[in-house]
Amino acid sequence: MEAAQGKKLNRPQFVDEAVAVIYGLDVLNPEYDLRKLLVINVEEPLKAFRTLTIDELTFEQLAYWKKWAVSVEGSLESAALATAAGQRLLTRENLSPLLRLPSLEKGEDRALFQAYLDTITI
């Protein structure tokens with residue numbers, strides 16, 4: 001059509017086409033790392049805290065542990081948000097539109113992905 005009108009287009013031309021809308025991808029952000037949120041930020045310091053005798057701590061140590069105790073609630077809230085995002089992401093309804101991707105239209109990858117979808121009970 002452009003040639004008929006005497007227009008020249010820059011090449012190469014690409015067409016973007018939305019194949020799917022996938023929800024919950026925010027769970028892949030580093031701030032939703034459950035290992036960091038729960039094990040490193042909560043469990044490991046809690047183990048260390050349990051070995052302490054409060055009466056023997058210095059003011060600086062008490063300040064450190066108070067700051068940590070306040071941060072635990074934020075870590076737990078972030079872990080809850082990450083879990084909710086993961087639940088949105090990992091549903092059959094949410095992921096099945098990916099089967100329309102050209103790279104999954106046929107072949108072994110499609111069969112593997114379909115087998116994974118079949119294991120999802122949510």
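I'm working on a predicted model, where local features need pLDDT of at least 70 and side-chain atom pairs count only at pLDDT 80 or more, while totals for chains, interfaces and linings use all residues. Numbering runs from 1 along each chain as its sequence is written, and side-chain values use heavy atoms, with hydrogens and water left out.

**Helix α2, the cover.** I looked up what sits over the buried residues of α2, and the cover includes α1 (34-50) and α3 (92-95). Contact here is heavy atoms within 4.5 Å. Helices are DSSP runs of H or I with at least four residues, strands are runs of E with at least two, and both are numbered from the N terminus. The buried residues of α2 are Trp65, Trp68, Val72, Ser75, Ala79, Ala82, Ala85, Gly86 and Leu89. I take buried as under 20% relative accessible area, exposed as over 50%, and partly exposed as in between (1.4 Å probe, protein chains only).

**Helix α2, the geometry.** α2 covers residues 59-89, which is 31 residues. Its first and last C-alpha atoms are 45 Å apart, close to the 45 Å expected at 1.5 Å a residue. The expected span is 1.5 Å times one less than the number of residues. I also found a bend of about 25° at Ser71; the bend is the angle between axes fitted to the seven residues ending at a residue and the seven starting there.

**Overall fold.** How many helices and strands are there? I get four helices and zero strands, in the order α-α-α-α along the sequence. The radius of gyration is 25 Å, well over the 14 Å that the globule rule gives for 122 residues, so the protein is more spread out than a compact globule. The radius is taken over C-alpha atoms, and the rule is 2.2 Å times the number of residues to the power 0.38. The C-alpha atoms fill a box of roughly 85 × 40 × 20 Å along the principal axes. Buried residues make up 21% of the 122. Of the contacts between residues at least 6 apart in sequence, 64% join residues at least 24 apart.

**Helix α1.** This helix has 17 residues and reaches 22 Å from first C-alpha to last, close to the 24 Å expected at 1.5 Å a residue. I see a bend of about 25° at Glu43, with a proline, Pro45, following within four residues. Leu37, Val42 and Pro45 are buried in α1, and α2 is part of what covers the buried residues of α1. Asp33 caps the N-terminal end, with a side-chain oxygen 3.1 Å from the backbone nitrogen of Arg35.

**Cores.** A nonpolar core is a set of buried Ala, Val, Leu, Ile, Met, Phe, Trp, Tyr and Cys residues joined through side-chain atoms within 4.5 Å. The largest one has twelve residues, including Ile22, Tyr32, Ala82, Leu95, Phe113 and Ile120. The elements giving two or more residues to this core are α2 and α4 (108-119); α2 has the largest share, three residues. Another core lies apart from it, with five residues, among them Val42, Leu57, Trp68 and Val72. Back in the largest core, Leu117 is a member, and it touches Arg92, Leu95, Ser96 and Leu99, not counting residues up to four places away in sequence.

**Asn94.** Is Asn94 buried or exposed? It is buried, at a relative accessible area of 5%, and it sits in α3. Polar atoms of its side chain lie 2.7 Å from the backbone oxygen of Tyr23 and 3.2 Å from the backbone oxygen of Arg88. A polar contact is a pair of N or O atoms within 3.5 Å; within protein, one must be able to donate a hydrogen and the other to accept it, and residues adjacent in sequence count only if both atoms are side-chain atoms. Leaving aside neighbours within four places in sequence, Asn94 is in contact with Val21, Ile22, Tyr23, Arg88 and Leu89.

Ser75 is buried at 9% relative accessible area. Leaving aside neighbours within four places, Ser75 is in contact with Leu37, Asn41 and Val42. Ala85 is buried at 0% and touches Gly24, Asp26 and Val27, not counting residues up to four places away. I also checked Ala85 against Asn41: they are 44 residues apart along the chain, with C-alpha atoms separated by 20 Å.
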